[in-house]
Amino acid sequence: MNTTAPIASGGLRGEPCVLELSITDIQHAYASKSYTAEELTRAFLDRIAEYEPLYNAFVTMNPLALEDAKEIDRRFECGEGVSPLTGVPVVVKDSIDVAGLPSTAGWEKLSSRAGGADLVPSTDAPVIARLRAAGAIILGKTNMPSFGESGTDANTSWNGRTYNAVDRDLAPGGSSSGTATAVSASFAVVGLAGETGGSIQNPAAAQSLVGVKPTFGLVPNAGVVPLAASTRDVIGPHAKTIHDAAVVLDALAGYTLEDPKTIASIGNIPEGGYTAGLSEGALQRKRIGLYGPGWRNPALALSEETERLYQRAIAELQERGAIAVPDPFAGSGFADLALRLPDVDYDPRGTESVAYDLEQYLRRLGPNAAAHSIGELVKLAGESPLEGKGPLAWYVDALPMLKASISNPAKVPDLSSFCALREKYLRILNKIMQEKQLDALVFPQMMYPVPSLFGEPYGATTSSEINITGSPAVTVPAGAYRNGSPFSLVFVGRLWDEAKLLAMAFDYEQATRYRIVPKLRVASTPKDGVIVK
């Protein structure tokens, strides 16, 4: 069933329609002078004012958004060069530094509005600098769980829970909860999300969006509150379409001295960028590996309805010319590498670097910041995020190397065991992809329907494995469960395969168009409380 609504191209001058607006729509509207950047920005801010009270996507609004939009209009009037992102309203996950705006990472101790103390960076993270250089208009920073510790929701945020735009009763996905809600609700056109273990793909899938989890090292993650900046953390886009996600990735990807590991991206970015290869014939004769117990041992069973939707998706892929290869990892030993922790369906290895990474992050904040080391942070907050009741304390119990690193976070930690693990995973992954002649893996992104806001944890098929390997993934809408919650596919590839994955996902998207357009609810506030309409 095709659940995509017509894409708005903008209304009369001064009254732009922002619902499902795409980057291409915006650029056409600017070229035809249908509206200005200031008018478009006001339209988004008006929509936020109307609907945000029931969705809580934002933590902090950018007070300079309209001024930034006026500057874009000046550039248009002067005929200055523009990029595809010029004048496009975007949102940014709260963990990403925007100069002059607090970075709270969802932790109450880092928010003056929650009784804590603000950490205000003096410089933009490299990804923000790249958005600004491309002419994007940053509307605000979005909500997330405390230190990104949930892949399901933002319920632990000092700012309160974020709601799923598709259905307020469903979990929004985590930890990039607010970004997904803002983009899905058309509070912005696109947004920046971050992932260590499912945090780009889960919210995208839960809210019928496209999400791109890039190869580790393709996009700089300096200036981002870390979980595993040295080993796993990535920044990537949330968007309503593959094309829009590719446009954002074009702006974000590439080397910067501010993040030396991005030197690995040199020579691995496609000529012409990530939009150049988008093609409706991209799935033709492509060999795709399917989900099975070879990937997870024991394979976490897909629900009956998930299996039914997955089989339908496989048939749709085959109709586009793809060749399905069942359980290519059977007998490979890939699944045996997983770490099984009691009551936790998540492998945290690689997070041993978090104390060191947090120390480096704090040093970068600038001379006027309230803390420049973990020691100063503990004095400021009155407790450590890594110990006692801190949001990251459970990682210390699971990872002995992290416990040793906490005592001297300025010292480079021993990550040799993680490096050996990544190498084992990658050797098997690359061997199977080569032997089976696979172009991609295509799995159901979730194992069962999106849980309720206060239900079970989100069940993803790839959150640990692809973050340990550093592999890229593209999430794309693929339908809906009977209860209306979104169903999505995840396309996974080898390192630096983003262009191939985006092209195949684009082919599937164009053939099926399963994006669910949310019907938002509004609230009135009578004397006896809030009424949801």
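Student: Which residues of α7 meet α15?

Tutor: On the α7 side they are I242, A246 and L249, and in α15 they meet E498, L502, A505, F506 and E509. Contact here means heavy atoms within 4.5 Å. Bear in mind that this is a predicted model, where local features need pLDDT of at least 70, side-chain atom pairs count only at pLDDT 80 or more, and totals for chains, interfaces and linings use all residues. Residues are numbered from 1 along each chain as its sequence is written, and side-chain values use heavy atoms, with hydrogens and water left out.

Student: What classes of residue make up that contact?

Tutor: The contact of α7 with α15 has 6 nonpolar, no polar and 2 charged residues. Ala, Val, Leu, Ile, Met, Phe, Trp, Tyr, Cys and Pro count as nonpolar, Asp, Glu, Lys and Arg as charged, and the others, Gly among them, as polar.

Student: At what angle do α7 and α15 pack?

Tutor: About 160°, with the axes 9 Å apart. Therefore α7 and α15 are roughly antiparallel to each other, a label used for angles over 145 degrees. The axes are lines fitted to C-alpha atoms, for helices over the stretch in contact, and angles run from 0 to 180 degrees between N-to-C directions.

Student: And where does α15 sit on the sheet?

Tutor: Helix α15, residues 498-512, touches β5, β9, β10 and β11. Its direction makes about 15° with that of β10. Helices (H or I, at least four residues) and strands (E, at least two) are DSSP runs, numbered from the N terminus.

Student: Is β10 buried or exposed?

Tutor: 7 of the 8 residues of β10 are buried, so this strand is largely enclosed by the rest of the structure. Buried means under 20% relative accessible area, with a 1.4 Å probe and protein chains only.

Student: Which way do β10 and β11 run, then?

Tutor: They run antiparallel, joined by 7 bridges. T475 has V490 as its bridge partner in β11. The two strands form a hairpin with 5 residues between them, and G484 in the turn has a positive phi of about 95°.

Student: How many bridges pair β5 with β10?

Tutor: There are 3, in the antiparallel sense. G211 stands opposite T475 there. Two strands pair if DSSP finds at least two bridges between them.

Student: Zooming out, what is the strand order of the sheet?

Tutor: The open sheet has 11 strands in the order β1-β3-β2-β4-β6-β5-β10-β11-β9-β7-β8, with mixed pairing. β1 and β8 stand at the edges with a single partner strand each, so one side of each has no neighbour in the sheet. From one strand to the next, the twist averages 30°.

Student: I keep looking at V234. Where is it found?

Tutor: V234 is in strand β6, residues 234-239. V234 is buried, with a relative accessible area of 3%. Leaving out residues up to four places away in sequence, V234 touches A193, G194, E195, I200, K213, P214, T215 and F216.

Student: New topic: how do α2 and α3 pack?

Tutor: Helix α2 (residues 37-51) and helix α3 (residues 65-78) pack at about 155°, with axes 7 Å apart. A37, E38, T41, R42 and L45 of α2 make the contact with A65, L66, A69, K70, I72 and D73 of α3.

How values were computed
Buried means under 20% relative accessible area, exposed over 50%, partly exposed in between (1.4 Å probe, protein chains only). Angles under 35 degrees count as roughly parallel, over 145 as roughly antiparallel, 65 to 115 as roughly perpendicular and the rest as oblique.
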